[in-house]
Amino acid sequence: MDAHERICIIGGGPAGLAAAYYLEKNGYHNYTIYEAANRVGGKCYSPRFKGKSIEMGAIMGVPDYDTIDELCRAAGVVRGGAESLAHTDFRRPDGKLYKPFTGLNMWKGARLLLQLNKLEKILKEKYPGYDANGHYGTFYPDLALPLREFFAKNGVAALTDLYAQPFTSFGYGYFEVIPAAYVLKYLDIPTIKAFATNNLWTWRDGTQAIYEGVNKIIEHPATLNSPVTKVERSEEEIRVTTPSGTETFDKLIVTTPLAQFAAYADADDDEKREFSKIIHNEYATHAVMVRNLPKQSSFIPDNMTGERYGHPMVFYVRYMGEPDQPIVTYSLRNYPGKPTLSLEETRETVLKDLKSWGFWVDDVLDEKSWYYFPHVSSADYADGWYQRVEAMQGRRNTYYAGEVMSFGDMNETATYSKGIVDRFFQ
Ligand SMILES: Cc1cc2nc3c(=O)[nH]c(=O)nc-3n(C[C@H](O)[C@H](O)[C@H](O)COP(=O)(O)OP(=O)(O)OC[C@H]3O[C@@H](n4cnc5c(N)ncnc54)[C@H](O)[C@@H]3O)c2cc1C
């Protein structure tokens, strides 16, 4: 390829900034990033309150976040500073604290460990490469099964609840419907062990600071407040329109939701057909000030089921034992086949729950609803959605990256962008 060609990157989240960083590394310097918002980072959103960062979007990483580590090192962004995650406790839906893995439940812990070892062996022997970034490696039809079915088939059903904590409560959905391929790409064996041992990464200034840091070291920082509203592709050039006007490019890297791309771009029949199959979750975060702030964060495992969607599945107390900070709650607003709750309805449920748990609620400081975890159904995964979309990479000089192409976490999305650059911009 020609290193002088003009490249347009749509989106200044982890995927878009990683694409720019690795393009430069490969000698491509003629790129522009268009970002709709007035900041970079996308779902890594860390507003400040009384001098401290709070997390309304992404929170944490694990030691095998290799691409994020590389970006942090390059940008001089230091990890650490909010270590409270190691002390998360567990509550019943009525707010009562309990210990799931001690006393009478210790045998349960031992059983989980045995099944985890069994799963590790099965994945290594039957599904090598299951944890590779993206979905363009070996295709295993079993991995299209919903995780619950996949675990039952492989005799490790007891692990399902263990996986729900860093999956369902993190907004990624329910194991009766989500294909195992996604769950296991994110929660590969090293990652689930990192969660089980609380070996987790956080960033003092919030995850948003990672991308602000990257945006400072790249040659062409993202052009903010610039939503792309039109894309017209011909054989000669690609015309990209934002409110500031229309620019022409040779190549396009789309890191924004592909289901939305089809609405403003000159999508062809293949793009329209495939992107209309993408489904997503609605994930709500509420930052709530309470007078009697709990010392630490809590999981509420019984709220991680379809019957109790809308209820908080976890709440985050970022600075252990410190005053002047909100509790941030995390709830799913949707469940397949049931009506999607509005943000107001979810807020009402969250506040009612917090009050019934004995918290004196003062104020809702901030709230967000996120277009979350775009993915395809088990049926579409089994039907070869990824094989078809990967075969479309590069057609009409367009490359697809961002969450749906790998998985909706910081490292998977950034690593996929790195892969796009290494595969197509050499
Ligand atoms: C509540 C929450 C908790 C999370 N927790 C974690 C966690 O602990 N660890 C982890 O690794 N990940 C976590 N994530 C997921 C992680 O934040 C995302 O997977 C990651 O940000 C995806 O990066 P992306 O660049 O693909 O997309 P995004 O972050 O969504 O970025 C896309 C960008 O594109 C911009 N955009 C959209 N449309 C247009 C347009 N038409 N023109 C120009 N720009 C446009 C958006 O404004 C946005 O900035 C969490 C996310 C949320 C919401």
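Two strands count as paired here if DSSP finds at least two bridges between them, and the strands themselves are DSSP E runs of at least two residues, numbered from the N terminus. What you have open is a predicted model, where local features need pLDDT of at least 70, side-chain atom pairs count only at pLDDT 80 or more, and totals for chains, interfaces and linings use all residues. Residues are numbered from 1 along each chain as its sequence is written.

**Stop 1: the sheet**

Select I10, then V254: V254 in β10 is the bridge partner of I10. Now widen the selection to β1 (residues 7-10) and β10 (residues 251-254), which pair in the parallel sense over four bridges.

**Stop 2: α1 and α8**

Helices are DSSP H or I runs of at least four residues. Pick α1 (residues 14-25) and α8 (residues 208-217): their axes come within 10 Å and cross at roughly 30°. Show P14, L17 and Y21 in α1, which meet Y211, V214 and N215 in α8 (contact means C-beta atoms, placed from the backbone, within 7 Å). The contact residues divide into five nonpolar, one polar and no charged; Ala, Val, Leu, Ile, Met, Phe, Trp, Tyr, Cys and Pro count as nonpolar, Asp, Glu, Lys and Arg as charged, and the others, Gly among them, as polar.

**Stop 3: α2 and α14**

Next, select α2 (residues 66-75) and α14 (residues 410-424), whose axes come within 7 Å and cross at roughly 80°. That makes α2 roughly perpendicular to α14. On the α2 side, T67, I68 and L71 meet M410, N411, A414, T415 and K418 in α14. Four nonpolar, three polar and one charged residue make up this contact.

**Stop 4: around the ligand**

Finally, select the ligand and the 36 residues around it, of which G11, G13, G42, K43 and A58 come nearest (near means a C-beta atom, placed from the backbone, within 6 Å). Helices α1 and α14 turn up again: along with β11 (279-290) and β15 (361-375), each supplies at least two residues of the shell. Colour the shell by type and you get 17 nonpolar, 15 polar and four charged residues.

Note on methods:
Axes are lines fitted to C-alpha atoms, for helices over the stretch in contact, and angles run from 0 to 180 degrees between N-to-C directions. Angles under 35 degrees count as roughly parallel, over 145 as roughly antiparallel, 65 to 115 as roughly perpendicular and the rest as oblique. Two residues are in contact if their C-beta atoms, placed from the backbone, lie within 7 Å.
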